[in-house]
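Subject: Structure handover

Hello,

Here is the structure I promised to pass on. Please open it first, then read my notes below.

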Amino acid sequence: MKPAFPKIRPIPYEGPTSRNPLAFKHYNADEIVEGKTLRDHLRFAVVYWHTFRGTGSDPFGMGTMQRPWDDGSHSVANAQKRVRVAFEFIEKLGAPFYSWHDRDVAPEGRTLAESNRNLDAVAKVLKEEQQRTGIKLLWGTANAFSHSRYVHGAATSCNADVFAYAAAQVKKAMEVTHQLGGAGYTFWGGREGYQTLLNTDMKREQAHLAKLLHLAVAYKKQIGFKGQFYIEPKPKEPTKHQYDSDAAACLNFLREHDLLPHFKLNIETNHATLAGHTMQHELEVAGAAGALGSIDANTGDELLGWDTDQFPTSIYLTTYTMLSVLKYGGFKTGGVNFDAKVRRESFEPVDLFHAHIGAMDAFARGLKIAAAIRKDGRLAEFVKQRYASWDGGMGAKIEAGQVGFKELEAYMLKKGEVAANVSGRQEFLENLINEFI
Ligand code: XUL
Ligand code: CO
């Protein structure tokens, strides 16, 4: 097969003074930060759906993307050819991972059996290309939201047959993920939510969602798949309210249904902002619960209220993200998965390179800045000192459960008033961060 990107050579690292748009300025994969290479810290992944299946269509117009290798058909042969192109791209980019939905890599057939056969035929080529290049699968997932059968949801559909179909689809996607040595498997709610409560039995729908996840946990054990399961929070779009609305809601759902030991969270930036949170907030909620698994890296647009899935280029965003990731011990099975799409107006193939190179550089910088802030130590020391009253005296007794209301009342009656409060110094801390950016 002729190369799809004949003019593009493997993207080199040229350092911060380079003006070559097809070179990394900050992502030097072998550079060591906090005892690990950038490659192993960041574990970059290219998503199949946006990068190789995105057409650029929007509610007002048709697709714009120029993808000369793609014949536009739904044939298996076209899907297989696309795999070779995808791996040429990922290899030239130098990303160690990729991720997919079943229906991005292989076309949906007329029956479930035909869809399964299509997926097997494409998975064979995915495996060949993984072996040829050493690129690995970060996670797989099932698209149980695009087809019209999922109009009322998948696991949460009012139609029990739809649950059965979704279960069969997840089963197959898990098997293929397992065959391809996937490091994880993701559940994103898709249409698991509601448009109106007037027609919705929310308790029953949530119980069904938990049921599907329990069945997946059981099947995982049966087939010996050791990859990590993730839940990906998102508050709305396509539904008005999605049950996995944010990290806290997901954790509560997992706890309520005895699923927490089996799942970690895959936190996506644009989903966080749709939920009215920052990415940092969502990472801290997940991290504090020991459930920070992976991230879908992208960004929204401050002036648009929907999931624009843009490539992340803000150094503040990547710095805060990597501060949280490092704080909670770094990625184990997860990584920085670019669930992001080039703009409709950026329709040439080379734009895919620009987008990924810029985002990888932004994350490399974020990682290095976060490591420098940690090495400096003033931020962590400030936070430690802020809570010093809990490290001894009455604070330590409260934390240790040694006192009740009576003792606390006696303590305060004797003392009369609290020790003086100290400024939170937000501006001082913001300035401190800026010293490193
Ligand atoms: C949708 C989204 C999905 C998941 C995988 O907003 O983020 O692409 O990441 O299903
Ligand atoms: Co995502």
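First, a definition: helices (H or I, at least four residues) and strands (E, at least two) are DSSP runs, numbered from the N terminus. By that rule, Asn78 lies in helix α3, residues 76-93.

Some ground rules. This is a predicted model, where local features need pLDDT of at least 70, side-chain atom pairs count only at pLDDT 80 or more, and totals for chains, interfaces and linings use all residues. Residues are numbered from 1 along each chain as its sequence is written, chains are lettered from A and ligands numbered from 1 in the order in which they are written, and side-chain values use heavy atoms, with hydrogens and water left out.

The metal site

Start with the cobalt ion (ligand 2). Its protein donors are Glu232 (OE), Glu268 (OE), Asp296 (OD) and Asp339 (OD). They lie 1.9 to 2.2 Å from the ion. Donors are N, O and S atoms within 2.8 Å of the metal (3.2 Å for Na, K and Ca); water is not among the atoms, so sites may look incomplete.

Along the chain, the donors of the cobalt ion (ligand 2) follow the spacing E-x35-E-x27-D-x42-D. Glu268 lies in strand β10 (residues 263-268), and Asp339 sits in the loop between β12 (336-338) and α12 (349-376), so this pair ties together parts that are 71 residues apart in sequence. Glu268 and Asp339 are both buried. Buried means under 20% relative accessible area, exposed over 50%, and partly exposed in between (1.4 Å probe, protein chains only).

What is the geometry of the cobalt ion (ligand 2) site? The site is octahedral, with angles of 79 to 172° among its 6 donor atoms. Four donors count as tetrahedral if all angles lie between 85 and 135 degrees; four count as square planar and six as octahedral if opposite donors are over 155 degrees apart and all others between 65 and 115; anything else is irregular. Ideal angles for six octahedral donors are 90 or 180 degrees.

Ligand 1

Which residues surround ligand 1? Among them are Trp49, His101, Trp139, Trp188, Lys234, His271 and Asp307. The metal donors Glu232, Glu268, Asp296 and Asp339 also belong to the surroundings of ligand 1. A residue is near a molecule or strand if one of its heavy atoms lies within 4 Å of it.

Some polar side-chain atoms lie by oxygen atoms of ligand 1. The distance is 2.7 Å for His101, 2.9 Å for Asp296 and 2.8 Å for Asp339. The protein covers 93% of the 290 Å² of accessible area that ligand 1 has on its own. Accessible areas come from the Shrake-Rupley method with a 1.4 Å probe; for residues, only the protein chains shown count as cover.

Asn270 lies in helix α9 (residues 269-274). At 2% relative accessibility, Asn270 is buried. Its side chain reaches the backbone nitrogen of Thr308 at 2.9 Å. A polar contact is a pair of N or O atoms within 3.5 Å; within protein, one must be able to donate a hydrogen and the other to accept it, and residues adjacent in sequence count only if both atoms are side-chain atoms.

Thr308 is in the loop between β11 (292-296) and α11 (315-327). Is Thr308 buried or exposed? Thr308 is buried, with a relative accessible area of 4%. Leaving out residues up to four places away in sequence, Thr308 touches Asn270, Thr299, Gly300, Asp301, Lys341 and Arg343. Contact means heavy atoms within 4.5 Å.

Asp309 lies in the loop between β11 and α11 too. Asn270 and Asp309 are 39 residues apart in sequence, yet 6.5 Å apart in space, C-alpha to C-alpha.

Most residues other than glycine have a negative phi, and most peptide bonds are trans. Asp309 has a positive phi of about 50° and is not a glycine. Glu237 has a positive phi of about 70°, and is not a glycine either. A cis peptide bond joins Glu237 and Pro238, with omega about 15°. Glu237 is partly exposed, with a relative accessible area of 31%.

Back to Asn78

Asn78 counts as buried at 3% relative accessibility. A polar atom of its side chain lies 3.1 Å from the backbone oxygen of Ser73.

Best wishes
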